[in-house]
Amino acid sequence: MDSSLYQAAAQAAPGDGRAARLYALAVSPGAPQALARRVRWGLMLVAALLLASGLIFWVAANWQGQSRLFKLGLIEGALALSVLAACVWTRARVPALLCATLALGGLLAYVGQTYQTGADAWQLFAVWAALSLIWVGLARSDVLWTVWVLVLATGIVTWSGRVDIWNVFFLDSGYLPQLLLRMALWLGLALVPAVVSLIPWLRVQGGVAWWSHRMALGLALAAWVGIGIVQVFDFGGKHTALGWVLPAVLVAATLLVSLYGRFQDFVAASLAALAANVLVLALVARWLADGSDLDALVVFGLIALACLGGSVRGLIAVQQRMRALPAAEREVV
């Protein structure tokens with residue numbers, strides 16, 4: 001039971017009926033209709049995910065056993081049926097469009113694999129994001145925006161080459177234009193949910209698509225931290241200082257936006273605080289790299305404990321401040 005209920009009951013006068021109403025509210029089982037609606041909604045999303053995944057796996061498993069036209073027609077038919085179901089079945093619009101989004105990715109991958117168009121992997125994800133943006137924007141669903149963010153993020157990752165850690169962080173790490181462009185791409189991804197919330201005909205119910213916002217910020221923070229760490233430990237690099245300062249500025253700006261203003265959010269603030277800690281500890285580790293092993297380890301451990309304690313204390317204070325705000329102005333999970 002929430003401690004605020006005990007505090008409110010303790011402040012009530014003896015015999016006050018509000019204490020009894022608070023107790024009844026605390027022990028009430030809640031509205032079963034809301035629970036049933038959420039379970040039904042979750043099952044429809046899982047069903048859409050399983051249908052689209054099953055289609056893609058079936059095509060892969062029967063790659064040699066079926067003709068090209070049959071496989072192409074099957075994927076195209078599934079895509080068309082999903083879009084049609086979204087148009088005529090309003091209650092299942094979001095699950096149907098989720099299935100359509102995944103089927104569209106499977107269709108593009110099949111065409112690229114079968115007919116060898118010569119396109120790079122990032123172009124597939126870019127076209128996937130561009131085509132699915134039509135119904136993702138019209139549906140105004142946080143679920144679809146989250147999937148769209150993941151697709152676009154995969155395109156950004158594959159833009160530098162193969163999907164591995166070396167190409168994502170180390171490839172062309174010594175070239176300043178490449179670093180700036182890569183950080184700018186992740187910044188653009190992080191700003192997508194914020195821009196969507198400012199456009200009336202794209203805005204989701206509630207104003208901000210919080211889960212896609214958190215997903216975009218989390219992916220961007222991970223990329224910035226990775227770039228900063230690589231630059232810090234690149235002993236012979238020309239842009240080591242700038243390669244750490246720019247990600248630190250972006251992380252600090254994300255933390256500031258997550259603490260105050262319209263986009264304040266405890267989850268986003270926690271992710272930004274974690275990223276800031278990793279960047280600071282990476283810089284400390286680089287500074288202690290030339291010291292003796294034991295002394296450097298002790299100093300690093302003390303600084304890490306100080307960062308951890310300060311972050312936890314600060315986040316607890318932030319959570320309490322956000323909980324004190326009116327319900328319309330807070331987003332605490």
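Some ground rules: because the model is predicted, local features need pLDDT of at least 70 and side-chain atom pairs count only at pLDDT 80 or more, while totals for chains, interfaces and linings use all residues. Residues are numbered from 1 along each chain as its sequence is written, and side-chain values use heavy atoms, with hydrogens and water left out.

Let's start inside. Searching the whole structure turns up one salt bridge, meaning a side-chain nitrogen of Lys or Arg within 4 Å of a carboxyl oxygen of Asp or Glu. The partners are Arg214 and Asp265, whose closest N and O atoms are 2.7 Å apart. Arg214 sits in helix H10 (residues 210-232) and Asp265 in the loop between helix H11 (240-259) and helix H12 (266-287), so the pair ties together parts 51 residues apart in sequence. Helices here are DSSP runs (H or I, at least four residues), numbered from the N terminus. Both Arg214 and Asp265 are buried, that is, under 20% relative accessible area with a 1.4 Å probe, protein chains only; exposed is over 50%, and partly exposed lies in between.

Leu294, Val298, Leu302, Leu305, Leu308, Val312 and Ile316 make a nonpolar patch of about 700 Å². Patch members have over 30% relative accessible area and no salt bridge, with nonpolar side chains (Val, Leu, Ile, Met, Phe, Trp, Tyr) joined within 5 Å and like charges within 9 Å. Areas come from the Shrake-Rupley method with a 1.4 Å probe, and for residues only the protein chains shown count as cover. Ile316 belongs to helix H13 (residues 293-323) and is partly exposed at 44% relative accessibility.

How values were computed
Helix = DSSP H or I, 4+ residues; strand = E, 2+ residues; numbered from the N terminus.
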